[in-house]
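Here is a guided reading of one protein chain. Keep the sequence and the model open side by side as you go.

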Amino acid sequence: MKKRIFRYLKHIASTILALGIMAIFFGLYHGASLHYGDLPSKYKIDNEGPYVFYENDSVLSVTHIKGNRKEGFYIDRKEHAITSEIETTCSFQIDDTSFDFTLELDIEPPKTKYDDGNPIMAISDIEGGYGTFRDFLINSKVIDTNLNWIFGKGHLVLVGDFVDRGWSVTQVLWFIYKLEQEAKKMGGYVHLIIGNHELKNLQGNYESSAEKYLAVSNILGKAQSKLYDSNSFLGRWLSSKNALEQINGNLFAHGGLHPKVANLKLSLDEINQIIRNNYYKPYYPKMEDTAEQLLISTKTGVCWYRGYFKEDLSQEEIERGLKKFNAKSIVVGHTLQSKVNDKYNGKVIGIDVRHPKDYNKNWPTPKSEGLLIQDDKYYRVLSDGGKKEL
């Protein structure tokens, strides 16, 4: 009897172990990871910033947060005439590095279409990971080790969700701003495509924001919703960006194009303007079936759509959306992939991968990837700068 019970328990234990191992492999295959350690510098706020706000029509304030939890915090705030050239610095607390840049106060919406044949480097869903983002660009030879632009007349396309979750959102945004300026001087471009998390921040939805930014807003004496509103320099800059661009025949959108977009009699410029008009309006579905609802919905909207990977679409549905804009392919983020890959005969390219985190450790350690488009060939770019043709 005892032997029978022992064999029965052994069988149950073996079954549980086998199921556990299968669950682990299933989770790893679908991108799961184990978070097992935070770096102490995660909670360091000294030299955080700058946070730049329009005080009125003629004055801009530039604020850095100084101090620490033990001795207390204070703000280093300077006011500048809007007509002046403003030089400032952004620090990255994890390795005590920083970069300088100049605020250019003329903010204009970018074009929606580019056609110059120059190479394109695309990456998405960095989610507030400045160190990861910086290191990928260095290894991919977009910038040098001194953080200077070396991609010439190339296009760096950032396909949404560079904010939220991570603890270095401010650093990421100012770094993009800095590179945008440098690229322009070299004849190149930095394209920041608005994703659903940029929208959330513009609309005051901070459910996915790192707790650091609640502390930052409290130290600044502002509601968190003010960090990217229309009186914030970064808010005005973000709200000027497009949700959909076409570069050398390739469309770029964070979510993608719902098949019904092919039926709209709207240009790229008109689509971007409709979406831009709603950047500061939190979405709640309405009864009417309109083009605006289609383009901004959290299910079908350009910044939100997941249908390429979650719905049973036909090749014809994909082709119609691309044909409308005379596009070769569409490159999207938003929906997590195990690696950069193409679907629908190369017409849809998914580039949202799990990136390493700046301030904590995970097992297995994820590795960044991006996409290079050069001479009409598409390459999966690895974290060490290596590339593999799709």
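The buried residues of helix H7 pack against strand S11 (244–247), strand S12 (250–253) and helix H8 (291–296). Helices (H or I, at least four residues) and strands (E, at least two) are DSSP runs, numbered from the N terminus. Buried means under 20% relative accessible area, exposed over 50%, and partly exposed in between, with a 1.4 Å probe and protein chains only. H7 spans residues 268–276, and its buried residues are Leu268, Ile271, Asn272, Ile274, Ile275 and Arg276. An α-helix has 3.6 residues a turn, so residues three or four places apart point the same way.

A note on the source. This is a predicted model, in which local features need pLDDT of at least 70 and side-chain atom pairs count only at pLDDT 80 or more, while totals for chains, interfaces and linings use all residues. Residues are numbered from 1 along each chain as its sequence is written, and side-chain values use heavy atoms, with hydrogens and water left out.

Now follow S12. Asn250 and Phe252 point one way from this strand, while Leu251 and Ala253 point the other way. All four of these residues are buried. S12 runs antiparallel to S11, and four bridges join them. Two strands pair if DSSP finds at least two bridges between them. Within this pairing, Gln246 stands opposite Leu251. S11 and S12 form a hairpin with two residues between the strands, where Asn248 takes a positive phi near 50°. S12 also pairs with strand S13 (residues 329–332), this time in the parallel sense, over four bridges. Here Ala253 stands opposite Val332.

Next, go to the end of the strand numbering. Strand S17 (residues 369–374) and strand S18 (residues 377–382) run antiparallel and are joined by six bridges. Leu372 has Tyr379 of S18 as its bridge partner. The two strands form a hairpin with two residues between them, and Asp375 in the turn has a positive phi of about 55°. S18 then runs antiparallel to strand S19 (residues 387–389), with three bridges. Arg380 has Lys388 of S19 as its bridge partner. Four residues lie between the strands of this hairpin, and Gly385 takes a positive phi near 95°.

Most residues other than glycine have a negative phi, and most peptide bonds are trans. Asp125 is not a glycine, yet its phi is positive, about 55°. It is found in the loop between strand S8 (120–123) and helix H2 (130–139). Asp125 is buried, because its relative accessible area is 4%. Asp164 also has a positive phi, near 75°, in a residue other than glycine. The loop that holds Asp164 lies between strand S9 (155–158) and helix H3 (169–185). Asp164 has 1% relative accessibility, so it counts as buried. For a cis bond, look at Gly49 to Pro50, where omega is near 5°. Pro50 is found in strand S2.

What does Ser41 touch, not counting residues up to four places away in sequence? The answer is Gln93, Ile94 and Tyr359. Contact means heavy atoms within 4.5 Å. Ser41 sits in the loop between strand S1 (34–38) and strand S2 (48–54). Its relative accessible area is 18%, so Ser41 is buried. The C-alpha atoms of Ser41 and Asp96 are separated by 9.8 Å, although the two residues are 55 apart along the chain.

Finally, step back to the whole chain. It has 10 helices and 19 strands. Of its 390 residues, 52% count as buried. Among contacts with a separation of 6 or more, 68% come from residues 24 or more positions apart. The C-alpha atoms fill a box of roughly 90 × 60 × 45 Å, taken along the principal axes. The radius of gyration is 23 Å, which agrees with the value near 21 Å that a compact globule of 390 residues would have. That radius is taken over C-alpha atoms, and the globule rule is 2.2 Å times the number of residues to the power 0.38.
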